[in-house]
Amino acid sequence: MYLSRFLSIHALWVTVSSVMQPYPLVWGHYDVCKTQIYTEEGKMWDYMACQPESTDMTKYLKVKLDPPNITCGDPPESFCAMGNPYMCNNECDASTPELAHPPELMFDFEGRHPSTFWQSATWKEYPKPLQVNITLSWSKTIELTDNIVITFESGRPDQMILEKSLDYGRTWQPYQYYATDCLDAFHMDPKSVKDLSQHTVLEIICTEEYSTGYSTNSKIIHFEIKDRFAFFAGPRLRNMASLYGQLDTTKKLRDFFTVTDLRIRLLRPAVGEIFVDELHLARYFYAISDIKVRGRCKCNLHATMCVYDNSKLTCECEHNTTGPDCGKCKKNYQGRPWSPGSYLPIPKGTANTCIPSISSIGTNVCDNELLHCQNGGTCHNNVRCLCPAAYTGILCEKLRCEEAGSCGSDSSQAASPRGSPALLLLLPPLAALLRTAGPLAL
């Protein structure tokens with residue numbers, strides 16, 4: 001009996017040791033998201049937070065107009081030329097491709113001439129307001145990385161609001177107000193982003209900068225993401241570590257640049273004068289030739305890839321996480337509460353890997369249900385990883401030279417076994433076995 005208890009204690013201790021082995025480095029920095037770089041000191045590993053690359057997000061959105069029949073051309077109608085508001089012999093006809101202006105033309109390739117554009121019906125029902133909501137939806141949380149740019153083919157609107165949603169369109173918050181007269185339109189004093197600071201960067205402002213009438217050099221409206229980044233990263237965005245530190249520690253700032261949906265509310269078309277010319281209502285409409293939204297999938301710093309499959313964006317999660325945003329721990333890896341990855345400490349960050357549950361320790365570590373072996377390791381009998389000579393750890397995730405302190409890694413990143421969550425989880429059953437074992441007689 002004593003021998004069997006001894007063997008049980010020994011087996012549990014071996015399990016504790018093997019579970020602890022890979023985690024100090026994985027908790028300390030991003031072992032998965034590292035790349036080799038060449039410096040004056042030679043070849044080194046560069047660690048970084050796991051996040052997908054920034055890309056053109058308009059390739060993945062769905063657009064909805066409200067009212068749905070606001071696009072011109074059904075029935076066909078005439079409108080005035082945008083360069084000459086009194087030449088009103090242009091025609092919009094939805095049944096003729098050359099004369100149609102459907103909403104998808106806001107997102108097509110703009111490298112040819114003449115430009116293609118979406119266009120609304122004209123203001124023929126004046127004085128009833130001519131208002132349009134353009135909703136852009138991703139069915140996925142995304143993080144904005146560059147300015148939102150809207151290019152108008154008509155005059156820029158006299159009044160407009162850009163809104164965002166963080167809950168897939170259930171609720172909306174204003175991002176920025178645009179008007180030729182902010183005080184009259186929205187009871188707000190006009191400001192520009194240059195009037196803000198680190199402490200007021202989340203302030204919702206009204207700007208008159210982008211609301212002039214039509215001219216060939218004033219077609220564009222911006223929502224300035226980079227100017228807000230610059231309050232933390234410097235005017236040329238060279239100090240990104242400072243920005244990442246702020247994003248990591250300030251949830252409101254991180255949420256400010258995060259959206260699931262955007263909504264462009266066109267409230268009043270460009271009039272150009274104090275009064276609307278009721279004899280030439282075909283002068284007034286909205287036309288947008290291009291919308292640019294650049295960003296990345298939000299994966300909570302647990303993925304480097306985001307795939308688009310079946311009209312849906314999904315993160316390819318690392319660190320034993322799962323879900324569309326890598327927002328929870330995988331089955332059998334709930335040994336501690338899920339946590340997003342961290343940019344801190346700069347530059348290596350903290351991966352906050354999900355760790356095995358007590359009930360799963362000793363089960364398969366490299367089958368299809370769980371993680372695959374890393375760095376060229378091979379799975380042996382769906383139970384353990386056989387690692388190349390240069391790697392060690394349960395999943396071959398750890399460089400042997402790092403363990404020996406001979407490849408430039410920071411040994412201070414290694415966590416003390418005493419503080420290891422995996423060890424803390426396993427100590428109670430180990431202690432219980434020791435209490436019941438009594439003196440060992442072999």
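View 1. C329 counts as buried because its relative accessibility is 7%; buried means under 20% relative accessible area, exposed over 50%, and partly exposed in between, with a 1.4 Å probe and protein chains only. C354 is buried too, at 1% relative accessibility. This is a predicted model, where local features need pLDDT of at least 70, side-chain atom pairs count only at pLDDT 80 or more, and totals for chains, interfaces and linings use all residues. Residues are numbered from 1 along each chain as its sequence is written, and side-chain values use heavy atoms, without hydrogens or water. A disulfide (a pair of cysteine sulfur atoms within 2.5 Å) joins C329 to C354, with S to S 2.0 Å. The torsion about its S-S bond is about -75°, so the link is left-handed. C329 lies in strand β20 (residues 328-329) and C354 in the loop between β20 and β21 (378-380), so the pair ties together parts 25 residues apart in sequence. Strands (E, at least two residues) and helices (H or I, at least four) are DSSP runs, numbered from the N terminus.

**View 2. The disulfide of C72 and C92.** Here the S to S distance is 2.0 Å. The S-S torsion is about 75°, so this disulfide is right-handed. C72 sits in the loop between β4 (62-66) and β5 (77-79), and C92 in strand β6 (residues 90-92), so the pair ties together parts 20 residues apart in sequence. Both C72 and C92 are buried.

**View 3. The disulfide of C80 and C88.** Their sulfurs are 1.9 Å apart. The link is right-handed, with 85° about the S-S bond. C80 is buried at 1% relative accessibility. C88 is partly exposed at 30%. The whole structure holds nine disulfides.
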